[in-house]
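This report describes the aromatic ring pairs of a protein model and one of its helices. Please view the sequence and the structure before reading on.

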Amino acid sequence: RMYALPPDAAPPPRRASVGVVEFQGGGAFSPSDLKKSQVQNGLSRNPVSSDHIVGVNPGGADVETSLDLQAVSMVGGGAVELWYLNYENWIYEFATDVQNRPDSPDVFSLSYGWYEGDQTRIVGALNSSEAYVRRCNVELMKLAAMGKTVVVSSGDSGSTGRSFDGAAPLIRPDFP
């Protein structure tokens with residue numbers, strides 16, 4: 001209601017699907033919180049079905065994960081198929097898994113990014129963060145070629161990355 005999305009808009013020709021993606025065992029959503037959000041916003045009940053959970057939902061309710069699912073549900077007006085994906089590692093694992101999955105969402109929402117210069121701190125196995133970023137970019141392009149859309153946050157502090165401590169360079173781009 002706040003964004004004045006029309007309640008009588010024609011539904012998409014087929015049901016769209018959106019997945020909220022989490023990494024490194026983090027993130028969790030509460031099915032009851034999702035239901036409560038949908039009811040309070042005048043939407044019909046639209047849960048994440050068990051066959052649309054990839055990885056584990058560790059239980060509890062991470063605020064960012066819950067907010068992501070609730071926002072996707074509201075923008076989709078209850079007409080989107082909701083997914084939750086949780087990967088132990090990072091972008092490469094996510095992108096290659098989706099490519100090999102017989103069924104997956106049309107759109108993926110990632111709220112997490114990390115300074116591209118620090119990629120080796122996350123993935124550890126590669127000698128060069130540049131090599132990891134390049135390879136992941138190729139895998140993300142493959143998703144685009146499959147008709148998948150990946151949307152990513154800009155970072156908590158915009159162009160300065162996750163957080164701005166005043167000592168960092170003014171532009172610290174997040175990856176992806």
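Six aromatic pairs are present in the structure; rings of Phe, Tyr and Trp (its six-membered ring) pair if their centres lie within 6.5 Å, and planes under 30 degrees apart count as stacked, over 60 as edge-to-face and the rest as tilted. The model is predicted: local features need pLDDT of at least 70, side-chain atom pairs count only at pLDDT 80 or more, and totals for chains, interfaces and linings use all residues. Residues are numbered from 1 along each chain as its sequence is written, and side-chain values use heavy atoms, with hydrogens and water left out.

Two of the pairs are set out below.

| Pair | Centre distance | Plane angle | Type |
|---|---|---|---|
| Y87 and F94 | 5.9 Å | 65° | edge-to-face |
| Y132 and F175 | 6.5 Å | 70° | edge-to-face |

Helices (H or I, at least four residues) and strands (E, at least two) are DSSP runs, numbered from the N terminus. Both Y132 and F175 are buried, that is, under 20% relative accessible area, whereas exposed means over 50% and partly exposed in between (1.4 Å probe, protein chains only). Y87 and F94 are buried as well. Ring pairs join F23, Y87, W90, F94 and F108 into a cluster.

In helix 1 (residues 31-40), the buried residues are L34, S37 and Q38. On the other side of helix 1, V39 and Q40 are exposed. After helix 1 comes G42, with a positive phi near 70°.
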